[in-house]
Amino acid sequence: MGNEESVFFSRVLTELTLSFHIIYATIGVGIPLMIMIAQWLGIKKQDEHYILLARRWTRGFVITVAVGVVTGTAIGLQLSLLWPNFMELAGNVIALPLFMETFAFFFEAIFLGIYLYTWDRFENQKKHLLLLIPVAIGASFSAVFITIVNAFMNAPQGFDLVDGQLVNINPILAMFNPAMPTKVAHVLATAYMTSAFLLASIGAYRLLKGSDHIYHKKAVFLTMKIGLIFSIAAAVIGDFSGKYLAEYQPEKLAAAEWHFETHEGAPLMLYGVLDDGEVKYALKIPYALSILAHSNPNAEVIGLNEFPEDETPPLYIHYLFDGMVTIGIWMTVLSLMYVVGVWMKWSFIRTRWYRWLIVLGGPLSVLAIELGWWFAEVGRQPWILRGIMKVEEAATTSGQVDTMLLMFAGLYLVLGVGSIVVLTRMFRKNPVEQELADREAEKEGELR
Amino acid sequence: MTLEIIGITVLWLFLFGYVIVASIDFGAGFFNAYSLFRGKQHILTRIIQRYLSPVWEVTNVFLVFFFVGMVGFFPKTAYYYGTILLVPASIAIALLAIRGSYYAFTTYGGLKHKRYTYLYGLSGLFIPASLSIVLTISEGGFVTETASGIDLDYVALFTSPLTWSVVVLSLSAVLYISAVFLTWYAHKAQDEPATELLRKYALIWSVPAIVTATGIIVELKDHNPEHYSRLVDLWWLFAISFILFAGTVYLLGKRKSYGIAFGLLTGQFLIAFFAYGISHYPYLLYPFLKLYDSFTNEAMAIALIIAFIAGLGLLLPSLYLLLRLFLFNKDYVQGKRDDHA
């Protein structure tokens, strides 16, 4: 196998591993916060339903954490196995956040074990709630640190490049690179948002499938509210990300927007297709790109033609960007209508079709996560370290990457199917009505 | 002490931590599967599950910590070992992935089938084997450097007696460590049948563990004379290690102080592990990669060590809490509490 093939298969394998991992990783970051909120509400309102909600989410969460942990280990090692030249170079500058990520992960792992096995141990439920705080902090901070590593790849800094050697290294400066604030904030907000909508979608599905229990109604209302808050946050941060791109990575923004010529008062292109360099059927919003990029309708936006052709990303990232943004806006509207609808007692939010839309919202949000990451990653092609190292120079020279790709594809299939089967079985076998009845019986037994 | 030595000592310590906790985990999975096979599962399963459930995730972190730290402190290892280890490390990851997730699937998800128990038990033996190959490779002789990159000679690797000795050592050590720990744990749980069974396993596996460990030193004499002579210089460390080993076996044989027996075992492996590591110095990969050449820049090294100290400040109390709540909680160990979500 030649080097070119190694590069190709290394890219495919990394994309496959990450695409699979981020589903579980996103859930892993977001769900602890949801469990914490539910548990806290349960204690505050003295409402058994919220406590049970936290408990049942936790049980499902363990399964997704397991897959998240093992695929996270895989990508952690694959970084060195598939991109040895990259790690050799970048490791000198960016090892610190990578290292700190494992601490966050360690912290979370310890407290998750404790949390899981102390459900009825403490008289005071607040003590048990306290255990969740390190779990949620660990989960979020591992996302923060690993996103910092990724941000560094987009905006490397904290060193000087002298004759191909990295000198004057400043690890802290490398961590606080210009891409970091928007990336970290966007990753966190969308992880919380996606987790909330996934849980809402489960609740809505149970409501559709015959259970009309108040428990599910509370669950859907709570998660839709949380989802709404974080989808608004994600949109605001997304706007900041656009401004970041215009300033520091204009070729990514230009490729995403099919903005070829540099000019002032640039319009935003929504949808459309690209035909021989001509944009067709696109919705054109005048001045919107200038506003997105610089908050000024007349500002100049740099076009793609300003860059050498071998340093521009592929143009299909436009579709990824549009897909992500569309789903984001759609989910904001859907959850806003629902929350307002509950307050105003609108009846249509209780109809079957609206509940089906909520069910669909969970998978859609996951899709948006995938689209967003593909956009972010493909958008910095051909660089692995923007402006410093290209992808071809970074890959392994090993000839067995194609076989490994097949092996990992098989592995993810097994893990994906396994986790779905186990999760559905867990909850189908023990519906909430059953569990509530069991708990009631248990309590009476204790009183007697 | 230079920063390089601090770095490698920290990493070696974490690798040692992984060896101990992972051995307990892998061995437990194997004994569980074996007892199911022999129809004695009722004796062991509950003890094993009770120990593993709250800690299985933590085990994995030790490994991640080691390789992330290794690349952080010694970025050049990413180039050498990353290129060479693609296949063995990928196999180990895949096995770890299946193992870890199926543990969760069966424990929490109720996916209870004999097939999974067997798979789980067996995979635990392949993982140490595929990981310990790194130790053989680091001795040199299997890697060639060419103009286009570096290559690993699989034929030479798999026909070398050294490779197979390391594999046998890793397997018997896993089963030995695990059995000694679980004997202690079962004894704490006042589960006499399990204690007796595990004690028997421990005594059985102590023999191949010590025989292969000695055999490897002899084999190194031909394979890497330089390393062998440094090993011999450290003979007294290995002698202490052997005395500790004898102490463990004695206590197990006399059926007393299982806790101390496990303590001695930890000491035995710690000393042997560090003696081996010290004798490996100054090479990370003989003869291509030396400790000093591959070290990261000073700014990063200091940052990593500060992060490490801060991290330990967070981790040690948390680990202590974990152990106190489960390992050293009488009611939990004896199975009088079932508080899990």
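## Burial and overall form of chain A

In this predicted model, buried residues (under 20% relative accessible area, with exposed meaning over 50% and partly exposed in between; 1.4 Å probe, protein chains only) make up 59% of the 448 residues in chain A. Local features need pLDDT of at least 70, side-chain atom pairs count only at pLDDT 80 or more, and totals for chains, interfaces and linings use all residues; residues are numbered from 1 along each chain as its sequence is written, chains are lettered from A, and side-chain values use heavy atoms, without hydrogens and water.

Chain A contains 14 helices and 10 strands (DSSP runs numbered from the N terminus: helices are H or I with at least four residues, strands are E with at least two). Its radius of gyration, taken over C-alpha atoms, is 24 Å, close to the 22 Å from the globule rule for 448 residues, so chain A is as compact as a globular protein of that length. That rule is 2.2 Å times the number of residues to the power 0.38.

## Cis peptide bonds

The bond from Gln381(A) to Pro382(A) is cis, with omega near 0°. Pro382(A) sits in the loop between helix H11 (352–378) and strand E9 (383–385) of chain A.

In chain B, a cis bond joins Tyr281(B) and Pro282(B), with omega about 5°. Pro282(B) lies in the loop between helix H12 (258–280) and strand E3 (283–285) of chain B.

## Positive phi values

Gln46(A) is not glycine, yet its phi is positive, near 50°. Gln46(A) is exposed, with a relative accessible area of 68%.

Asn168(A) also has a positive phi near 50°. This residue is in the loop between strand E2 (165–167) and helix H5 (171–175) of chain A.
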